[in-house]
Amino acid sequence: GRDSPEQTIRDHWPSLVGAPNAAYSHPARIERNMLIVVAAHAVVRNEIFLNRATIMERIRKLPGCGSVKALKLRAG
């Protein structure tokens, strides 16, 4: 069938956050309409945090991802 929302986001991650940020982060899973993002570098985590509104707009435009309401960033 269709890809899960997590897989759709993973497939588009470099275009959602930019290639440099995508190299140091990845979308882990969706819990209670929140996308858990693991970032390996503090600068990347901060960059994603500052641009979260724009990133969320892009995510909601992806097929099957309209239910994602927020980003939660974790170190990793």
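This is a predicted model: local features need pLDDT of at least 70, side-chain atom pairs count only at pLDDT 80 or more; totals for chains, interfaces and linings use all residues.

**Terms and their grounds**

Me: What makes β1 and β2 a pair of strands, and in which sense do they run?

Reply: Two strands count as paired if at least two bridges are found between them; β1 (residues 25-31) and β2 (residues 34-39) are joined over six bridges in the antiparallel sense, so the term applies. One of the bridge partners can be named: His 26 has Val 38 as its partner in β2. The two strands form a hairpin with two residues between them, and Arg 32, in the turn, has a positive phi of about 50°.

Me: Which strands are called edge strands, and why?

Reply: The open sheet has three strands in the order β1-β2-β3, with mixed pairing. The edge strands are β1 and β3 (70-75), because each pairs on one side only. From one strand to the next the twist averages 30°.

Me: Where do the helices α1 and α4 lie on these strands?

Reply: Helix α1 lies across β1 and β2 and runs at about 145° to β1, whereas α4 lies across β2 and β3 and runs at about 120° to β3.

Me: Why is Ser 25 called buried?

Reply: The cut-off for buried is under 20% relative accessible area, and Ser 25, with 6%, is therefore buried. Its place is in strand β1, and, leaving out residues up to four places away in sequence, Ser 25 touches Trp 13, Val 17, Val 37, Val 38, Ala 39, Val 44 and Ile 48.

Me: What makes the approach of Ser 25 to Trp 13 a polar contact?

Reply: A polar contact needs a pair of N or O atoms within 3.5 Å, one able to donate a hydrogen and the other to accept it; the side chains of Ser 25 and Trp 13 make such a contact at 3.1 Å. The side chain of Ser 25 also reaches the backbone oxygen of Asn 21, at 2.7 Å.

Me: How do you know that Arg 29 and Glu 31 form a salt bridge?

Reply: The rule asks for a side-chain nitrogen of Lys or Arg within 4 Å of a carboxyl oxygen of Asp or Glu, and the closest N and O atoms of Arg 29 and Glu 31 are 2.6 Å apart, so the pair qualifies. By this rule the count comes to one salt bridge.

Me: Why does Thr 8 count as buried?

Reply: Thr 8, in helix α1, has 8% relative accessibility, which is under 20%, so Thr 8 counts as buried. Leaving aside neighbours within four places in sequence, Thr 8 is in contact with Asp 3, Leu 62, Pro 63 and Cys 65.

Me: Which residues of the largest nonpolar core touch the most other members?

Reply: Of its 17 residues, these are Ile 9, Trp 13, Leu 35, Ile 48, Ile 59 and Leu 71. At least two residues of this core come from each of α1 (5-17), β2, α3 (42-50) and α4 (52-61), and the largest share, four residues, is that of α1.

Note on methods
Residues are numbered from 1 along each chain as its sequence is written. Side-chain values use heavy atoms; hydrogens and water are left out. A nonpolar core is a set of buried Ala, Val, Leu, Ile, Met, Phe, Trp, Tyr and Cys residues joined through side-chain atoms within 4.5 Å. Buried means under 20% relative accessible area, exposed over 50%, partly exposed in between (1.4 Å probe, protein chains only). Axes are lines fitted to C-alpha atoms, for helices over the stretch in contact, and angles run from 0 to 180 degrees between N-to-C directions. Contact means heavy atoms within 4.5 Å.
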